[in-house]
Amino acid sequence: MAKDYLKPDFIFESSWEVCNKVGGIYTVLSSRAKTLQDELMNRIVFIGPDFWKENESPYFKEDKSLFAEWQWEAKEQGLKVRVGRWTIPGEPIAILVDFTPFFEQKNEIYGWLWEHYGVDSLHAYGDYDEASMFSYAAALVVESFYTFSIAHSTFTTQTRVIYHANEWMCGLGALYINNKLPQIGTVFTTHATSIGRSIAGNQKPLYDYLFAYNGDQMAQELNMQSKHSIEKQTAAFVDCFTTVSDITANECKELLDKPVDVVLPNGFDNSFVPKASAFTRKRGQARRRLLEIANALLGEQLDDDTLIVSTSGRYEFRNKGIDVFVEAMNRLLRDKDLKKKVVAFIEVPGWVGEPRKDLQERLQGGQSYDTPLDVPQVTHWLHNMSHDNVLGMLKYYDMHNRKEDQVKVIFLPCYLDGKDGIVNMTYYDIVLGNDLCIYPSYYEPWGYTPLEAIAFKVPCITTDLAGFGLWANKEFGHYGELEDGVKVIHRTDYNYSEVADNIKDTVAKFSNMTKKQIDSCRKKADELSKRALWSEFIQYYYEAYDIALRKAEERKQ
């Protein structure tokens, strides 16, 4: 870390995903927390929404003795908070706040926001209100805690404090702090612009026309005015505006009319990746489980020589490249260069109904079968079988996992939390069973899934439209190839077909590799993942804190 950076004495960080596992930001925060907790020792406090009220949260352990005096004061002020520990590596302090009481003041809060920062909340719908009320509540928690700490001399006017807000959901709070507590340095991170994600998700070409898109105009067209407005104004007014990759930095500049101050790439904490013999044992268990499921579903006897490939992530059919993954597997069916059987898993949570009873019975029976189950492409029944994108595309291409097919595609449409009724192993316990992971994203600000794959020594395929893919290319000094551990495919708005062919060719090439070549690939993947640890990337955060603290110092004078 640079010697002359101003370092924070205390950090508040708010996010909708603190102790609330709903997406990739949970991984960013929860894997980074230990690095900051080791440095700041209980002087970093995460603030999240309290959805559990009196119930037990699986991610939070309440501790009434933490900041006990302030807790009492907060209650007096009408703030409903619970203080405790986030149950992740490092166990940092977390404050969960009940934001529902603030809905009554919604109009006054939005009026204040318009008056001071020109944020348009008129067109709010869906999750905008909920996120905004949480964001406001989080800022009141910080204001209460800060004022209490000054009054009780735990903080002085010289104490350097950072308020770090994640995503548009926490923008309102950042602006409130900016207005009411100018002595606190504010940092805002957009992990993906709301308007960029929306353009991409609405089948519009994002990249070729990025320079020509007007963010405000697109927000109107896509009915996103309020989210776009809070994001744009927060970016404009905070002390330090950041995002997670060069590709999203470009998006911010074009769509939010504000260049970022620092890029904060997402790191990884590999402390839970099993070592040596434990790794080999767990990899064997994962492969056995995946092949048992495939064999029971398909009525096959696929052995350990089968290539296991997968894709995973949020169910954004186009943005995450799930469409191009299925396309590539369809083309692979007819590829003469493919030397092994392939079972390809799509591990993406859909609108899942229940685990299949017929599949459960076969798995419990433990014997082998030579006839497939009905619909041998899916492990759990879905609520919308006839309208599901994955099943629809498989049907369109007549991909029914027939006996003679060299490539079988299986949709695993649930969260792998260890309790899904079929796999009954967690994602991290199953990912290391893959031979190759494939993430052909069209819209991916960073891309944790490929980073997680290589941390478990699984080579992967990604694209240069993912922040991670661009970073990997930069590290290699050239476009990543399979032999580097990460194959980075060039992707544009219009080259879907070439991307599918490229994936097909890469899997076929992998099927021809010797054990020695595969071991080398796995070793390279592991080596690259070590360069993306939080211990390497945390320096960028200190740069962002420094920028924000210097601006706060200027305001104190």
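# Close-up views of a predicted model

Figure 1. Five of the five residues of S5 are buried, so the strand is largely enclosed by the rest of the structure. The model shown here and in the other figures is predicted. In a regular strand, side chains alternate between the two faces of the sheet. Both faces of S5 are covered. Ile93, Ile95 and Val97 are buried on one side, and Ala94 and Leu96 are buried on the other.

**Figure 2. The pairing of S4 with S5.** Strand S4, residues 81-86, runs antiparallel to strand S5, residues 93-97, and five bridges join the two. Val81 of this pair stands opposite Val97 in S5. Arg82 has Leu96 as its bridge partner in S5. The hairpin of S4 and S5 has six residues between the strands. In this hairpin Gly90 takes a positive phi near 95°.

**Figure 3. The pairing of S2 with S5.** Strand S2 covers residues 44-49 and pairs with S5 in the parallel sense. Five bridges make up this pairing. Phe46 stands opposite Ala94 in S5. Ala94 is one of the buried residues of S5, on the side of the strand that also holds Leu96.

**Figure 4. The open sheet that contains S5.** Nine strands form this sheet, and their pairing is mixed. The order is S3-S4-S5-S2-S1-S6-S7-S8-S9, which places S5 between S4 and S2. The edge strands are S3 (60-62) and S9 (262-263), each of which pairs on one side only.

Figure 5. Strand S10, residues 307-312, is mostly covered, with six of its six residues buried. Cover is present on both faces of S10. One side carries Leu307, Val309 and Thr311, and the other carries Ile308, Ser310 and Ser312, all of them buried. S10 pairs in the parallel sense with strand S11, residues 342-347, over six bridges. Within this pairing, Val342 in S11 is the bridge partner of Leu307.

Figure 6. Tyr415 lies in the loop between strand S14 (407-412) and helix H14 (427-431). With a relative accessible area of 53%, Tyr415 is exposed, because the cut-off for that class is over 50%. Not counting residues up to four places away in sequence, Tyr415 touches Val22, Pro349 and Asp420. Tyr415 and Glu347 are 68 residues apart in sequence, and their C-alpha atoms are 7.9 Å apart in space.

Figure 7. The loop between helix H15 (448-455) and strand S16 (460-463) holds Lys457. Leaving aside neighbours within four places in sequence, Lys457 is in contact with Phe279, Arg522 and Asp526. The C-alpha atoms of Lys457 and Val187 are separated by 34 Å, and the two residues are 270 residues apart along the chain.

Figure 8. His152 has its place in the loop between helix H4 (127-151) and strand S6 (161-166). The side chain belongs to a residue that is partly exposed, with a relative accessible area of 44%. A separation of 9.9 Å lies between the C-alpha atoms of His152 and Trp70, which are 82 residues apart along the chain. S6 also takes part in the nine-stranded open sheet, where S6 stands between S1 and S7 in the order.

**Figure 9. The whole protein, for orientation.** The secondary structure comes to 19 helices and 17 strands. The radius of gyration is 24 Å, close to the 24 Å that the globule rule gives for 557 residues, so the protein is as compact as a globular protein of that length. Along the principal axes, the C-alpha atoms fill a box of roughly 75 × 50 × 45 Å. Of the 557 residues, 60% count as buried. Among contacts between residues at least 6 apart in sequence, 74% join residues at least 24 apart.

How values were computed
Residues are numbered from 1 along each chain as its sequence is written. This is a predicted model: local features need pLDDT of at least 70, side-chain atom pairs count only at pLDDT 80 or more; totals for chains, interfaces and linings use all residues. Side-chain values use heavy atoms; hydrogens and water are left out. Two strands pair if DSSP finds at least two bridges between them. Helices (H or I, at least four residues) and strands (E, at least two) are DSSP runs, numbered from the N terminus. The radius of gyration is taken over C-alpha atoms; the globule rule is 2.2 Å times the number of residues to the power 0.38. Buried means under 20% relative accessible area, exposed over 50%, partly exposed in between (1.4 Å probe, protein chains only). Contact means heavy atoms within 4.5 Å.
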